[in-house]
Amino acid sequence: MCGHRLKELLRAKLVECGWKDQLKAHCKDVIREKGLEHVTVEDLVTDVTPKGRALVPDSVKKELLQRIRAFLAQHATL
């Protein structure tokens, strides 16, 4: 599995588990709380990144880690 396919798998798993929707709702909450005119992209990144990482289910992390290990093992022998 190449890097591109790993990214696609991660993206699909995050959509499937509702992560994307949860993060979108969190962004809206941050904007509502601070006011649209007072929020910058940098503010959103600072506020949302830790929440986004925390919301990734352990099952998704484990599956991706297993796939990465398999990918590395396969390419280590080449």
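Select Leu14, Trp19, Leu23, Val48, Val56 and Val60: these six residues form the largest nonpolar core. A nonpolar core here is a set of buried Ala, Val, Leu, Ile, Met, Phe, Trp, Tyr and Cys residues joined through side-chain atoms within 4.5 Å. Buried stands for under 20% relative accessible area, exposed for over 50%, and partly exposed for values in between, with a 1.4 Å probe and protein chains only. The model is predicted, so local features need pLDDT of at least 70 and side-chain atom pairs count only at pLDDT 80 or more, whereas totals for chains, interfaces and linings use all residues. Residues are numbered from 1 along each chain as its sequence is written, and side-chain values use heavy atoms, with hydrogens and water left out.

**The whole chain**

Display the chain as a cartoon. It contains four helices and zero strands, in the order α-α-α-α from the N terminus on. The radius of gyration is 16 Å, well over the 12 Å that the globule rule gives for 78 residues, so the chain is more spread out than a compact globule. That radius is taken over C-alpha atoms, and the globule rule is 2.2 Å times the number of residues to the power 0.38. Helices (H or I, at least four residues) and strands (E, at least two) are DSSP runs, numbered from the N terminus. Along its principal axes, the C-alpha trace spans about 55 × 20 × 15 Å. Of the 78 residues, 21% count as buried. Contact means heavy atoms within 4.5 Å; among contacts between residues at least 6 apart in sequence, 66% join residues at least 24 apart.

**Helix H1**

Select helix H1, residues 3-16. The expected span of a helix is 1.5 Å times one less than its number of residues. Colour Leu6, Leu9 and Leu14, which are buried in H1. Seen down the axis, the buried residues of H1 fall within an arc of 130°, so they line one face of the helix. The arc is that of the directions from the helix axis to the C-beta atoms. The buried residues of H1 pack against H2 and H4, while His4, Lys7 and Glu16 are exposed on the other side.

**The loop at Gly18**

Move on to Gly18, in the loop between H1 and H2. Gly18 takes a positive phi of about 90° and counts as buried, at 17% relative accessibility.

**Helix H2**

Next, select residues 19-34, helix H2: its 16 residues reach 23 Å from first C-alpha to last, close to the 22 Å expected. Which residues of H2 are buried? They are Trp19, Leu23, His26 and Val30. These residues cover an arc of only 55° around the axis, which puts them on the same side of H2. An α-helix has 3.6 residues a turn, so residues three or four places apart point the same way. Lys20, Asp21, Lys24 and Arg32 are exposed on the other side of H2. The cover over the buried residues of H2 includes H1 and helix H3 (41-55).

To inspect one set of contacts, select Val48, which touches Leu23, His26 and Cys27, not counting residues up to four places away in sequence. Ala25, also in H2, is partly exposed at 35% relative accessibility. Its C-alpha lies 18 Å from that of Glu42, 17 residues away along the chain. After H2 comes Gly35, with a positive phi near 90°.

**The cysteines**

A search of the whole structure finds zero disulfides, a disulfide being a pair of cysteine sulfur atoms within 2.5 Å. For Cys17, the nearest cysteine sulfur is that of Cys27, 15 Å away, too far for a bond. Cys17 is partly exposed, with a relative accessible area of 35%, and Cys27 is partly exposed at 21%.

**Helix H4**

Finish at helix H4, residues 58-76, where 19 residues should span 27 Å and the end C-alpha atoms are 26 Å apart, which agrees. Val60, Leu64 and Phe71 are buried in H4. They cover an arc of only 25° around the axis, which puts them on the same side of H4. H1 is included in what covers them. Turn to the other side of H4 to find Asp58, Ser59, Lys62, Gln66, Arg69 and Ala76 exposed.
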